Amino acid sequence: MSLIAAPGRRARRADTEITCDALVVGSGAGGSVAALELARAGRSVTVLEEGPRVSTRDLATAAPAESMRRLYRNGGATAILGTPTIAYGEAHAVGGTTVVNGGLLWEPSSALLDRWAVWSGYGGYRAAVIGPRFAEVRRRLGMIVQEHGDGNDDSRLLARAAESLDWRWQFPQRVVRGCRHSNQCATGCPSGAKQSMALTYLPEAEALGAHVSAGVRVERIEHHGSTVHAVEATDADGRRIRYRPRTVFLAAGPIGTPVLLRRSGIHRRTAGRRLALHLNLRSIARFPHTVDAGRGTMFTTQVHEHAALGMLVMASNLTPGGLGAALAGRNPREANRFLAVRDQVGIFTTQVRMQGSATITGQIGGTPLLRHGMTRADHHALALAFRRTARLLFAAGAVELLPPTSSVGPLCSETEVEEFCSRVRPGDWELVSVHGMASCAMARPERGGVCDDLGRPHGFTNLHVCDASVLPGAPGISPQGTIMSFAHEIVARHLETL
Ligand SMILES: Cc1cc2nc3c(=O)[nH]c(=O)nc-3n(C[C@H](O)[C@H](O)[C@H](O)COP(=O)(O)OP(=O)(O)OC[C@H]3O[C@@H](n4cnc5c(N)ncnc54)[C@H](O)[C@@H]3O)c2cc1C
């Protein structure tokens, strides 16, 4: 990397030009894989990350609200407009969203990869190729099978209920070393147990000479025809820096990547047109006895009986503050009643793969505007998912269930659940999403794809996308394992072409 004063530019503060070899934009699940693999191949690597670098010590001492503000884009409240508005969460920090995720790591099934291969027109990302890539991710991150915590009966009862209904369930696979069940994954692990990119791939890449610049926001990618020749960025002090890289790996996340492409005039019409989402429904259940849900970890028992329909039910455990926040929008008498017996209360998350998609419709002052088109089929899928969750929770012994609509009081039987489902309207659901994907899908152009099978926006030679955006669709499972496996393969293919 060499520094050159920008020729012919008026010195507007420290206007600097930097020539470099491989430039990685974004340091999350996709960007960190690129940084490490390129550094391992002997390339000189610069990583630009808009967010701050935070240590485990910082995370241990910060209050959750402070971590939300510091680690999440828009403080965790990015709105995807539509009926209903969906609250979308993603991080901006060194390590990206892996700093705040639950550490679940799943391998994409061969059936899913086959489906994607057929749809995208690219056959090179099937299980025979992606399997070994996933094995590499698993080895590097030290995946374990996470059993129930001590106490943690919300998780045990969910597993037993699944067995009583003859439904399939499993313990989650997680990337943690010595998890202390502090249940604060979503605001950053305070003990360093969770193996985020900030603790694994990135330090290893840095040890091999990669340079990670925190607080540097990429504004634009400059290109002549199909070749990128410069990347414009602004550092934390507002200084403008111009990078002149040989190759760019774009991994700014499922929203950041299409926003950058569009702002740079690259595939303006197709990038960000189809953002796939997993939706989360939250159900709060009261049991007639103590369940100690605070003794688990972010997600434990996973009921995957309806995985083919894109549904997953998980015990999501809680902290007292988290339960208070989940009850805040409800009738105060009801909220107080649940808080008074909080040891008997569990929170359960139902994940549903959305069939409609979201679109980046424009930008205001650099901030993207997002809108979704939830379909009638999605509404029915949400109702079905809630019905199945309720059946499971009543089988687990729950006596009251607060549905994912704060204006509706507790439901005490499957009959009441049926009645709720027959009346609920699309705008009533309270939905959260933390999984966005496929906004610059790897697929042939005639199928609406943005990137080719090297992750390059069609027609480009030295620009590769290697994050959640490039996946052909929503995998229906926690996506980081799939994202990282694809990123490994994209970088390997690039290195083979050199
Ligand atoms: C609360 C929560 C829990 C989750 N739990 C799980 C889980 O248990 N398992 C799982 O598999 N997945 C989970 N996920 C999702 C998973 O973490 C993400 O899908 C994954 O990290 C996305 O990877 P990525 O590389 O596409 O983007 P990210 O990891 O989000 O990284 C993108 C990075 O790019 C940076 N960036 C963006 N724009 C710019 C710019 N212009 N200039 C410079 N930098 C930029 C961002 O600041 C960010 O750091 C969870 C997500 C959340 C929010």
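This is a predicted model: local features need pLDDT of at least 70, side-chain atom pairs count only at pLDDT 80 or more; totals for chains, interfaces and linings use all residues.
View 1. The ligand is surrounded by 42 residues, and the closest are Gly26, Gly28, His92, Gly96 and Gly102. Two or more residues of the shell come from each of helix H1 (29-40), strand E4 (45-49), strand E11 (217-224), helix H8 (253-263), strand E22 (431-437) and helix H13 (480-497). Of the elements, H8 gives the most to the shell, with 4 residues. Sorted by class, the residues around the ligand are 17 nonpolar, 20 polar and 5 charged.

**View 2. Domain 1 and domain 2, with the contact between them.** Domain 1 is made up of the segments 2-53, 106-142, 198-273 and 438-497. Domain 2 consists of 145-186 and 275-433. The centres of domain 1 and domain 2, taken over C-alpha atoms, are separated by 32 Å. In the contact, 14 residues of domain 1 meet 14 residues of domain 2. On the side of domain 1 that touches domain 2, H8 gives the most, with 4 residues. The residues on this side of domain 1 comprise 8 nonpolar, 5 polar and 1 charged.

**View 3. Packing of helix H5 (residues 127-141) with H13.** The axes of H5 and H13 are 8 Å apart and form an angle of about 110°. Angles of 65 to 115 degrees count as roughly perpendicular, and H5 and H13 are therefore roughly perpendicular to each other. From H5, the contact is made by Val129, Ile130, Arg133, Phe134, Glu136 and Val137. From H13, Gly481, Met484, Ser485, His488 and Glu489 take part. By class, the contact of H5 with H13 contains 5 nonpolar, 3 polar and 3 charged residues. H13 is also among the elements that give two or more residues to the shell around the ligand.

**View 4. Pro190 in the loop between strand E9 (173-174) and helix H7 (201-207).** Is Pro190 buried, exposed or partly exposed? Within 10 Å of Pro190 there are 19 other C-beta atoms, so Pro190 is partly exposed; a buried residue would have 20 or more. Leaving aside residues up to four places away in sequence, Pro190 touches Leu59, Ala60, Ser182 and Gln184. Pro190 and Asp58 are 132 residues apart in sequence, and their C-alpha atoms are 8.1 Å apart in space.

Conventions:
Residues are numbered from 1 along each chain as its sequence is written. A residue is near a molecule or strand if its C-beta atom, placed from the backbone, lies within 6 Å of it. Ala, Val, Leu, Ile, Met, Phe, Trp, Tyr, Cys and Pro count as nonpolar, Asp, Glu, Lys and Arg as charged, and the others, Gly among them, as polar. Domain bounds come from an automatic or database domain assignment. Two residues are in contact if their C-beta atoms, placed from the backbone, lie within 7 Å. Axes are lines fitted to C-alpha atoms, for helices over the stretch in contact, and angles run from 0 to 180 degrees between N-to-C directions. Angles under 35 degrees count as roughly parallel, over 145 as roughly antiparallel, 65 to 115 as roughly perpendicular and the rest as oblique. A residue is buried if 20 or more other C-beta atoms lie within 10 Å of its own, exposed if 12 or fewer, and partly exposed in between; C-beta atoms are placed from the backbone.
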